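Work through the exercises below with the sequence and the structure at hand. Try each task before you read its solution.

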Amino acid sequence: MWFFPVMGVGVIGVLVGGVCLVSQRKSLFGALLSMEVFTLGVYTMIISLTYFQGWLSSVCLVFLTFGVCEAALGLSVLVSLVRSVGSDYVGGLVLGHF
């Protein structure tokens, strides 16, 4: 079966994304990038599981749509943070003091 290696790639992507998300505590850009790797790994696993079922492909499109919206929202928050504070370091933020 060909989808077992693809499923393994998805699991590795989820694990790498989770480890990077836990380790990125200073930079918001690194946290957003690791969440994208996590989302890509989950999407790869969904694709490998639903390749043979035609009606489940709509689930993949909905998940991909949510992933794109999450990326756009994260990018807009990052740009707004860099414009207002000057960097993307989370440690330098104090709530309410922009």
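**Exercise 1.** Is Val16 buried, partly exposed or exposed?

Solution. Keep in mind that the model is predicted. Step one: locate the residue. Val16 is found in helix α1, which covers residues 3–23. Step two: take its relative accessible area, 41%. Step three: compare with the cut-offs. Buried means under 20%, and exposed means over 50%. Val16 is therefore partly exposed.

**Exercise 2.** How many aromatic pairs does the structure hold? Classify what you find.

Solution. Step one: count. There is 1 aromatic pair. Step two: name the rings and their geometry. Tyr43 and Phe63 lie 6.4 Å apart, centre to centre, with 5° between the planes. Step three: apply the cut-off. Planes under 30 degrees apart count as stacked, so this pair is stacked. Tyr43 sits in helix α2 (residues 28–49) and Phe63 in helix α3 (residues 57–85). They are 20 residues apart, so the pair links distant parts of the chain. Tyr43 is buried because its relative accessible area is 19%, while Phe63, at 26%, is partly exposed.

**Exercise 3.** Which residues does the UniProt annotation "transmembrane region" cover? Describe two of the stretches.

Solution. The unreviewed UniProt entry gives residues 6–22, 29–49 and 55–79. Residues 6–22 are 100% helix, with end C-alpha atoms 25 Å apart. Residues 29–49 are 100% helix, with end C-alpha atoms 31 Å apart.

Definitions and conventions
Residues are numbered from 1 along each chain as its sequence is written. This is a predicted model: local features need pLDDT of at least 70, side-chain atom pairs count only at pLDDT 80 or more; totals for chains, interfaces and linings use all residues. Side-chain values use heavy atoms; hydrogens and water are left out. Rings of Phe, Tyr and Trp (its six-membered ring) pair if their centres lie within 6.5 Å; planes under 30 degrees apart count as stacked, over 60 as edge-to-face and the rest as tilted. Helices (H or I, at least four residues) and strands (E, at least two) are DSSP runs, numbered from the N terminus. Buried means under 20% relative accessible area, exposed over 50%, partly exposed in between (1.4 Å probe, protein chains only). UniProt positions are given in the numbering used here, feature names are shortened, and annotations may be inferred rather than shown by experiment.
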